[in-house]
Amino acid sequence: MKKTTVKKFKQLATRYVPYSFRSRIEATTNGVRVIQPKDIKDEQIQWESVITTELSSKKEPEYLQDGDLLILSKGLKQQAIVFKSDDSQQKTICSNMYHHYRVNRDDVNPHYLAFFLNHNSRIKNQIEVGAKASIGVKVYSRETIEDLQIPIPSKKEQDTIVALHDNIKQQQQHYQELMDSNQAMLSSIASQLTK
């Protein structure tokens with residue numbers, strides 16, 4: 001079995017500076033889509049809530065590509081997701097509430113990196129310790145994230161970990177759907193008793 005190597009996060013991914021909005025993001029019919037924290041649920045993009053806006057700057061932003069990592073830069077809870085487009089041809093960027101990275105090595109699965117950042121308690125603690133509070137909101141330091149020591153098992157092992165994680169997430173989703181269905185059935189029975 002190949003030995004696991006350890007690399008700093010900044011050795012595994014290239015950073016891109018997100019587009020900086022100077023005011024509230026206004027929805028328009030044309031333009032680019034903007035991923036914001038409100039658009040993420042259970043590590044997935046909820047495309048129905050993503051807005052489109054016109055960019056005022058003439059400078060072209062770095063558009064998101066499948067596999068890009070978005071790491072929350074501000075908020076109550078640190079979170080990393082992997083961008084996957086919805087097969088639309090519309091260009092998409094992330095708000096500056098995220099750190100935007102693109103994995104720069106063929107032997108690293110971006111889904112593995114997101115899994116590791118979201119589920120390793122030591123790493124999560126390091127990010128929390130490096131956070132600064134700003135008006136009640138934590139700001140997650142780019143320097144802290146980029147200096148994290150990330151164990152890199154073989155690509156095959158990374159892919160196995162990602163597949164297991166995806167399988168467990170699907171099971172949790174099915175279980176939640178069953179619970180919601182059962183609750184709706186019980187509510188319906190209770191409502192009929194009062195007719």
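# Sheets, cores and ring pairs

Leaving aside residues up to four places away in sequence, L69 touches F9, I81, V82, H99, H100, Y101, V103, P110, L113 and A114, where contact means heavy atoms within 4.5 Å. The model is predicted: local features need pLDDT of at least 70 and side-chain atom pairs count only at pLDDT 80 or more, whereas totals for chains, interfaces and linings use all residues. Residues are numbered from 1 along each chain as its sequence is written, and side-chain values use heavy atoms, with hydrogens and water left out.

**Nonpolar cores**

- The largest nonpolar core comprises 24 residues, and F9, L69, L113, L117 and I150 have the most contacts inside it.
- At least two residues of this core come from each of α1 (9-12), β7 (69-72), β9 (80-82), β11 (98-103), α2 (110-119), α3 (121-130) and β14 (149-152).
- Helix α2 gives the most to this core, namely five residues.
- A second, separate core has 12 residues, including I45, V50, L64 and Y98.
- A nonpolar core is here a set of buried Ala, Val, Leu, Ile, Met, Phe, Trp, Tyr and Cys residues joined through side-chain atoms within 4.5 Å; buried means under 20% relative accessible area, exposed over 50% and partly exposed in between, with a 1.4 Å probe and protein chains only.
- In soluble globular proteins, nonpolar side chains tend to be buried together.

**Four-stranded sheet**

- An open sheet of four strands has the order β2-β11-β7-β9, with antiparallel pairing.
- Strands β2 (13-16) and β9 stand at the edges with a single partner strand each, so one side of each has no neighbour in the sheet.
- From one strand to the next, the twist averages 30°.
- Helices (H or I, at least four residues) and strands (E, at least two) are DSSP runs numbered from the N terminus, and two strands pair if DSSP finds at least two bridges between them.
- Strands β2 and β11 run antiparallel and are joined by four bridges; R15 stands opposite Y101 in β11.
- Four bridges also pair β7 with β11 in the antiparallel sense, and the partner of L72 in β11 is Y98.
- Between β7 and β9, which run antiparallel, there are three bridges; L70 has I81 in β9 as its bridge partner.
- Helix α2 packs on this sheet, where it touches β7, β9 and β11, and its direction makes about 165° with that of β9.
- Axes are lines fitted to C-alpha atoms, for helices over the stretch in contact, and angles run from 0 to 180 degrees between N-to-C directions.

**Strand β11 and H100**

- Six of the six residues of β11 are buried, so the strand is largely enclosed by the rest of the structure.
- Y98, H100 and R102 point one way from β11, while H99, Y101 and V103 point the other way; all are buried.
- In a regular strand the side chains alternate between the two faces of the sheet.
- H100 lies in β11 and is buried, with a relative accessible area of 1%.
- The side chains of H100 and D68 are joined by a polar contact of 2.7 Å.
- A polar contact is a pair of N or O atoms within 3.5 Å; within protein, one must be able to donate a hydrogen and the other to accept it, and residues adjacent in sequence count only if both atoms are side-chain atoms.
- Not counting residues up to four places away in sequence, H100 touches T14, R15, Y16, P18, E62, Y63, L64, D68, L69, L70 and C94.

**Three-stranded sheet**

- Three strands form an open sheet in the order β6-β3-β10, and the pairing is mixed.
- The edges are β6 (51-53) and β10 (92-94), each with a single partner strand, so one side of each is left without a neighbour in the sheet.
- Neighbouring strands of this sheet are turned by 40° against each other on average, direction ignored.
- Strand β3 (residues 32-35) runs antiparallel to β6 and is joined to it by three bridges; V32 stands opposite T53 in β6.

**Aromatic pairs**

- The model has four aromatic pairs, counted for rings of Phe, Tyr and Trp (its six-membered ring) whose centres lie within 6.5 Å; planes under 30 degrees apart count as stacked, over 60 as edge-to-face and the rest as tilted.
- The ring centres of Y19 and F21 are 4.8 Å apart and their planes are at 65°, so this pair is edge-to-face; both residues are buried.
- W47 and F83 also form an edge-to-face pair, with 6.0 Å centre to centre and 75° between the planes.
- This pair links distant parts of the chain, 36 residues apart: W47 is in the loop between β5 (44-45) and β6, and F83 in the loop between β9 and β10.
- F83 counts as buried, at 3% relative accessibility.
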